[in-house]
Amino acid sequence: MAVAPSLYAKLPYHPVSSFQPVSRAVIGPLVLAVSNKLGVRKLSELVALAKSKPGVLNFGSAGVGSIIHLTGELFKLRAGADIVHIPYKGNAPVMNDLLAGQLDMAFVALGHMLPHISKGDIRALAITSAQRNMLAPDLPTIAEEGYAGFESREWFGLVAPKGMAQDITAKLNAAFRHASAQPSVTREIARLGYTSIQESPSQFAEAMALESQKWRDVIVRAKVEPL
């Protein structure tokens, strides 16, 4: 919804103007994880290694334009490092190759990373949210590690066809907000590494507009080719 207008040369719809926002449901951070074979323990060590070997290290993503791809491009821009992007068809093969040491690094959803962090299968270096997460309180943010303002979070929400009656939009939004406020729902979402959020349709629309601008800038600066 946020990146498609900048990423695709032609779309049969407009991700913003063709839909009526109802509400986002959850939002969550990514974790910058590296293969144990890489031998780095801190973000500063990773950046130093990448700069000493331009074009040698790689990072995987679930495909061109995915949030883990664009987060990687944002990191490359901020770090000033030449790291090769390798697109996959989904998150599962990214995790498999990261575990096997075929990939050097990747940005992975916190919930997917937690079991591997506890086992030590993969080394987590930093988290992409503005604040630390209670599920991994010892994991520093990328901003803390010297990249002020760095933030990337994935989110999921509900939209409806454009032109839906306002009273129906309001009812759907109220139902969403009620559900996301239930302690059992909040706990389960938190266990998966996400935060349940409550916002109005206008707040969701504003958030999408901000995200669109942010990732448009990254796509242009990183010279990500339209699909």
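Visitor: Which residue forms a salt bridge with Arg24, and how far apart are the closest N and O atoms?

Guide: Side chains of opposite charge can pair when their charged atoms come close. In this predicted model, Arg24 pairs with Glu199 in a salt bridge whose closest N and O atoms are 2.8 Å apart. The two residues link distant parts of the chain, being 175 residues apart. Arg24 sits in strand β1 (residues 19-35), and Glu199 in the loop between β7 (195-196) and α8.

Visitor: Is Arg24 buried or exposed? And what about Glu199, buried or exposed?

Guide: Buried means under 20% relative accessible area. Arg24 has a relative accessible area of 11%, so Arg24 is buried. Glu199 has 7% relative accessibility and therefore counts as buried.

Visitor: How many salt bridges does a search of the whole structure find?

Guide: The search finds five. One of the pairs is Lys76 with Glu73, where the closest N and O atoms are 3.4 Å apart. Lys76 and Glu73 both belong to helix α3, and they are three residues apart, about one turn of the helix. Both residues are buried.

Visitor: Where does Arg132 lie, and where does Glu144 lie?

Guide: Arg132 and Glu144 form a salt bridge, with 2.9 Å between the closest N and O atoms. Arg132 lies in the loop between β5 (122-127) and β6 (153-161), as does Glu144 in the loop between β5 and β6, so the pair ties together parts that are twelve residues apart in sequence. Arg132 is partly exposed, with a relative accessible area of 41%, and Glu144 also counts as partly exposed, at 43%.

Visitor: Turning to helices, at what angle do the axes of α3 and α8 cross?

Guide: Two packed helices are described by the angle between their axes and the distance between the axes. Here the axes of α3 and helix α8 (residues 201-221) come within 10 Å and cross at roughly 65°. That angle makes α3 roughly perpendicular to α8. The crossing in which α3 passes α8 is left-handed.

Visitor: Which residues form a nonpolar patch on the surface?

Guide: The patch is formed by Tyr8, Val64 and Leu227, which together have about 250 Å² of accessible area. Of these residues, Val64 lies in the loop between β2 (58-61) and α3 (67-79).

Visitor: Why does Val64 count as partly exposed?

Guide: Partly exposed covers the range between buried, under 20%, and exposed, over 50%. Val64 is partly exposed because its relative accessible area is 32%.

Definitions and conventions:
Residues are numbered from 1 along each chain as its sequence is written. This is a predicted model: local features need pLDDT of at least 70, side-chain atom pairs count only at pLDDT 80 or more; totals for chains, interfaces and linings use all residues. Side-chain values use heavy atoms; hydrogens and water are left out. Patches are made of residues with over 30% relative accessible area and no salt bridge: like charges are joined within 9 Å, nonpolar side chains (Val, Leu, Ile, Met, Phe, Trp, Tyr) within 5 Å. Accessible areas come from the Shrake-Rupley method with a 1.4 Å probe; for residues, only the protein chains shown count as cover. A salt bridge is a side-chain nitrogen of Lys or Arg within 4 Å of a carboxyl oxygen of Asp or Glu. Helices (H or I, at least four residues) and strands (E, at least two) are DSSP runs, numbered from the N terminus. Buried means under 20% relative accessible area, exposed over 50%, partly exposed in between (1.4 Å probe, protein chains only). Axes are lines fitted to C-alpha atoms, for helices over the stretch in contact, and angles run from 0 to 180 degrees between N-to-C directions. Angles under 35 degrees count as roughly parallel, over 145 as roughly antiparallel, 65 to 115 as roughly perpendicular and the rest as oblique. A crossing is left-handed if the near helix is turned anticlockwise from the far one by less than a right angle, and right-handed if clockwise.
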